Amino acid sequence: MRRWAWILFGVAVAGGATAAPPDPPADPVAADAIRLIEQGRPGLSVPMLEEVLARRPGDPDLLTYLALALRMEGRRQEAAARYEQALDRDAAHLPALAYQGVLFLQMGDRARAEANFARLVALCPEGCPEREDLRCELAR
């Protein structure tokens, strides 16, 4: 997915990090769902992403996209569960860490957001977009 599209998308999502998203999956249904998220229609993408996850269970990129869509829909507890699943599959999944950190901030849990930032610092000692984006969100 193009970085500029996510920057614009992040601006449109209140409190949303603009971290580089995971690599788009090759699945055409997932690609369509991601386009719906980019267009600000995350509710339509949720069932599509769930369908793809049924075929590719545990895919951390798909779980992260689903969590993002759920978070945008205000379904925070469901989003939290999906971020956890993504991180259970790949503890170093940078977009999941950054977006989960934003969710923690939205839920008023600054300590957990800062813990995610600390993990990003450890994973990206030289810096990375996800680390920088969560740092900016924490500074707000």
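Biologist: How many of the 13 residues of H6 are buried?

Modeller: In this predicted model, ten of them are buried, so H6 is largely enclosed by the rest of the structure. Among these buried residues are Pro95, Leu97, Tyr99, Gly101 and Phe104.

Biologist: Let us turn to H5. Which residues are buried there?

Modeller: The buried residues of H5 are Ala79, Ala80, Tyr83, Ala86 and Leu87. They lie on the same side of H5, because the arc they cover around the axis is only 125 degrees.

Biologist: And which residues are exposed on the other side of H5?

Modeller: Gln77, Asp88 and Arg89 are exposed there.

Biologist: What do the buried residues of H5 pack against?

Modeller: They pack against three helices: H4 (60-72), H6 (94-106) and H7 (110-123).

Biologist: Now the largest nonpolar core. Which of its 32 residues touch the most other members?

Modeller: Those are Ile37, Leu49, Leu62, Leu66 and Tyr83. Helices H2 (28-38), H3 (42-55) and H8 (129-139), together with H4, H5, H6 and H7, each supply at least two residues of this core.

Biologist: Which helix gives the largest share of this core?

Modeller: H4 does, with eight residues.

Biologist: What is Leu66 in contact with, leaving aside its neighbours within four places in sequence?

Modeller: Leu66 is in contact with Val46, Leu49, Glu50, Leu53 and Arg82.

Key. Residues numbered from 1 in each chain as written. Predicted model: local features only at pLDDT ≥ 70, side-chain atom pairs only at ≥ 80, totals over all residues. Heavy atoms only, no water. Buried < 20%, exposed > 50% of the residue type's maximum accessible area, 1.4 Å probe, protein only. Helix = DSSP H or I, 4+ residues; strand = E, 2+ residues; numbered from the N terminus. Arc of directions from axis to C-beta. Contact = heavy atoms within 4.5 Å. Core = buried A, V, L, I, M, F, W, Y, C linked by side-chain atoms within 4.5 Å.
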